[in-house]
Amino acid sequence: MYSFFDILDLLGTLAFAISGALAGRERKLDLFGMTILAFATAIGGGTIRDMMIGFTPVMWLTNLSYFYVTLIGVVMAIVFYQKFAFLRYSLFLFDTIGIAVFTLIGIEKGMRIGLHPIICITLGTITACFGGVIRDILANRIPLIFQKEIYATACIVGGGMYYVLLHFNSNKDFLYLATALTIIIVRILAVKYKWRLPFAHD
């Protein structure tokens, strides 16, 4: 039986798998290339996180659900590509959902082993962002996290919201939902209004 936390994890995996597969399609890769990008995006951040905290074997080696969900994401990206394609921001949408969910996953993993809140938020940001970094590098693009867009910052803001609500003993489901929505809203508003962090030469 899957818990709410497990369902969130798989939904984030699915969102990132679709994001990776769409990126592969955008770069005109073949089916194998799309699948590799989908897997790299879906499990890359979680793999780095688990290795950092000594949680081995990493999650997808012992739970085939990640494998199946990623393949479902690839199939969805192929079958429903035309429906995704009419929205220019399909990739952005799935990427945003993915970072919101994976930030939560990383924070919770850090809390389970008693890490400091700052480190937990860092783990959440790594989990959320580094799958996309790997995807963009493989797709020969400058990773979003290194560009002017608010990306990792949205995860950090969401992580801060998580601990604020935790301090007030909020209901867990509400805590997860509010944190995820904070990240999604910050990311969407940042893109819409072109918010950015200052450059070194500003």
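Does Leu-29 count as buried, partly exposed or exposed, and what is the relative accessibility that decides it? At 34% relative accessibility, Leu-29 counts as partly exposed; buried means under 20% relative accessible area, exposed over 50%, and partly exposed in between, with a 1.4 Å probe and protein chains only.

This is a predicted model, in which local features need pLDDT of at least 70 and side-chain atom pairs count only at pLDDT 80 or more, while totals for chains, interfaces and linings use all residues. Residues are numbered from 1 along each chain as its sequence is written, and side-chain values use heavy atoms, with hydrogens and water left out.

**The loop between H1 and H2**

Leu-29 sits in the loop between H1 and H2. Helices here are DSSP runs (H or I, at least four residues), numbered from the N terminus. Neighbours within four places in sequence aside, Leu-29 is in contact with Gly-24, Met-34 and Leu-37, where contact means heavy atoms within 4.5 Å. The C-alpha atom of Leu-29 is separated by 34 Å from that of Ile-53, 24 residues apart along the chain.

Lys-28 is found in that loop too. Lys-28 has a positive phi of about 60° although it is not a glycine, and at 75% relative accessibility it counts as exposed.

The table gives the lengths of two helices; the expected span is 1.5 Å times one less than the number of residues.

| Helix | Residues in helix | First to last C-alpha | Expected span |
|---|---|---|---|
| H8 | 16 residues | 23 Å | 22 Å |
| H9 | 21 residues | 30 Å | 30 Å |

Buried residues of H8 include Ala-152, Cys-155, Gly-159 and Tyr-163. Helices H6 (90-112), H7 (117-138) and H9 (172-192) are among what covers the buried residues of H8. In H9, the buried residues include Leu-175, Thr-179, Ile-183, Val-186 and Ala-190. Their cover includes helix H1 (4-26), H6 and H8. An α-helix has 3.6 residues a turn, so residues three or four places apart point the same way.

Asn-169 lies in the loop between H8 and H9. Asn-169 has a positive phi of about 55° although it is not a glycine, and it is exposed, with a relative accessible area of 69%.

The axes of H2 (residues 31-52) and H6 come within 11 Å and cross at roughly 15°. Axes are lines fitted to C-alpha atoms, for helices over the stretch in contact, and angles run from 0 to 180 degrees between N-to-C directions. That makes H2 roughly parallel to H6; angles under 35 degrees count as roughly parallel, over 145 as roughly antiparallel, 65 to 115 as roughly perpendicular and the rest as oblique. Ala-42, Arg-49 and Asp-50 of H2 make the contact with Phe-102, Ile-105, Gly-106 and Lys-109 of H6. These residues divide into three nonpolar, one polar and three charged. Ala, Val, Leu, Ile, Met, Phe, Trp, Tyr, Cys and Pro count as nonpolar, Asp, Glu, Lys and Arg as charged, and the others, Gly among them, as polar.

The axes of H6 and H7 come within 6 Å and cross at roughly 140°, and the two helices are therefore oblique to each other. The contact includes Phe-102 and Gly-106 of H6, and Gly-124 and Ala-128 of H7. Its residues divide into eight nonpolar, five polar and two charged.

**A cis peptide bond**

Thr-56 and Pro-57 are joined by a cis peptide bond, with omega about -5°. Pro-57 lies in the loop between H2 and helix H3 (59-62).
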